[in-house]
Amino acid sequence: MKKIVAVCALAILGIGAKAQVSGGFKLGANIGIPVGDIKDVSSFTAGADLAYQWRLAENFDLGIASGYHHFFGKNNVKDFGMVPIAASGQYSVSPNVFIGADLGYAFITNVGGNTGGFYYQPKVGYQNSNWEVYAGYKGVSDDINFGSVNLGFNYKFK
């Protein structure tokens with residue numbers, strides 16, 4: 001699975017490099033409420049996001065994304081984290097409204113026996129030329145399925 005994700009990410013990078021008309025970095029933060037299999041062991045999540053996207057068409061950006069998402073434990077459960085490496089796509093429905101998704105692999109930190117799994121993050125948001133705010137769901141699917149409902153903010157570097 002890890003090799004397939006790595007090959008897909010390299011292919012997307014190659015497409016982005018060939019089609020590089022313009023691009024830019026995004027740096028952001030998010031907060032969320034855990035759901036799924038971990039809602040009983042985690043009370044809150046907060047994280048940081050980093051992405052680079054290339055403009056491939058008038059309303060479509062494609063790139064790579066990563067970050068760190070910290071899950072705060074409850075009921076004597078230790079905190080743990082998630083480090084995703086993903087392809088990131090975003091389509092502007094209008095000049096200010098977008099939908100997007102990140103797909104890739106997430107490494108799980110500070111949890112014995114679970115190293116990670118398939119990562120996905122559908123999202124919808126409001127944007128302008130300098131920033132964006134979004135609502136989304138971050139999920140990891142492996143032996144257990146877990147995720148969080150999030151609210152995030154990204155600053156766009158030009």
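**Aromatic ring pairs in the predicted model**

The structure contains 12 aromatic pairs, a pair being two rings of Phe, Tyr or Trp (its six-membered ring) whose centres lie within 6.5 Å, with planes under 30 degrees apart counted as stacked, over 60 as edge-to-face and the rest as tilted. One of these pairs joins phenylalanine 71 and phenylalanine 146: the ring centres are 5.7 Å apart and the planes stand at 90°, so the arrangement is edge-to-face. Distant parts of the chain are linked by this pair, since phenylalanine 71 belongs to strand 3 (residues 60-73) and phenylalanine 146 to strand 8 (residues 145-157), 75 residues apart. Strands (E, at least two residues) are DSSP runs numbered from the N terminus.

The model is predicted, with pLDDT of at least 70 needed for local features and 80 or more for side-chain atom pairs, whereas totals for chains, interfaces and linings use all residues. Residues are numbered from 1 along each chain as its sequence is written, and side-chain values use heavy atoms, with hydrogens and water left out.

Phenylalanine 71 is buried, at a relative accessible area of 1%, and phenylalanine 146 is buried at 3%; buried denotes under 20%, exposed over 50% and partly exposed the range in between (1.4 Å probe, protein chains only). A further edge-to-face pair is formed by tyrosine 155 and phenylalanine 157, because their ring centres are 4.9 Å apart and their planes lie at 80°. Tyrosine 155 is partly exposed, with a relative accessible area of 38%, and phenylalanine 157 is partly exposed at 42%.

Elsewhere, Phe25, Tyr52 and Trp54 are linked into a cluster by ring pairs.

Note on methods. Helix = DSSP H or I, 4+ residues; strand = E, 2+ residues; numbered from the N terminus.
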